[in-house]
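Please prepare a short briefing on the model shown below, with attention to its surface and to the packing of its helices.

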Amino acid sequence: LYLYSIIYFIMLNTVTIKDVKTKIGEWCKLKRQTQNMTQEDLATALDMSRLTIQKVENGKNATIDTLLKIAYHFDSLETIHTLLQQEIENSNRTSLY
């Protein structure tokens, strides 16, 4: 029973690719709305189609370039870079124990 509880807990706390794509979409929509932009406004600013923005916001497949352009537009590119750099640094550290 204890093992099943652990497995159930792990299954509930596992982040999926779909979860991340959904969060990216929520983030994009929130940032866009915070700046009082329509999907069309953002698409025009990024030289892409409104449908591309709609797909991102709905958690559908998007290219890395599209996501990075959106992040750059909303001044979040450095945040992403910093997060990745920290992950790299944490991976390169060796335990002293």
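A patch is made of residues with over 30% relative accessible area and no salt bridge, where like charges are joined within 9 Å and nonpolar side chains (Val, Leu, Ile, Met, Phe, Trp, Tyr) within 5 Å. This is a predicted model, in which local features need pLDDT of at least 70 and side-chain atom pairs count only at pLDDT 80 or more, while totals for chains, interfaces and linings use all residues. Residues are numbered from 1 along each chain as its sequence is written, and side-chain values use heavy atoms, with hydrogens and water left out.

**Nonpolar patch**
- On the surface, a nonpolar patch is formed by Ile 64, Leu 68, Tyr 72, Leu 77, Ile 80 and Leu 84, which together have about 580 Å² of accessible area (Shrake-Rupley method, 1.4 Å probe, for residues only the protein chains shown counting as cover).
- At least two residues of this patch come from each of α5 (64–73) and α6 (77–92), helices being DSSP runs of H or I with at least four residues, numbered from the N terminus.
- Tyr 72, in helix α5, is exposed at a relative accessible area of 61%, where exposed means over 50%.

**Helix packing**
- Helix α3 (residues 39–46) packs against α5 at an angle of about 100°, with the axes 11 Å apart, the axes being lines fitted to C-alpha atoms over the stretch in contact and the angles running from 0 to 180 degrees between N-to-C directions.
- That makes α3 roughly perpendicular to α5, a term for angles of 65 to 115 degrees.
- Leu 42, Ala 45 and Leu 46 of α3 make the contact with Lys 69, Ile 70 and His 73 of α5, contact meaning heavy atoms within 4.5 Å.

Methods
Salt bridge = Lys/Arg side-chain N within 4 Å of Asp/Glu carboxyl O. Buried < 20%, exposed > 50% of the residue type's maximum accessible area, 1.4 Å probe, protein only. Parallel < 35°, antiparallel > 145°, perpendicular 65-115°, else oblique.
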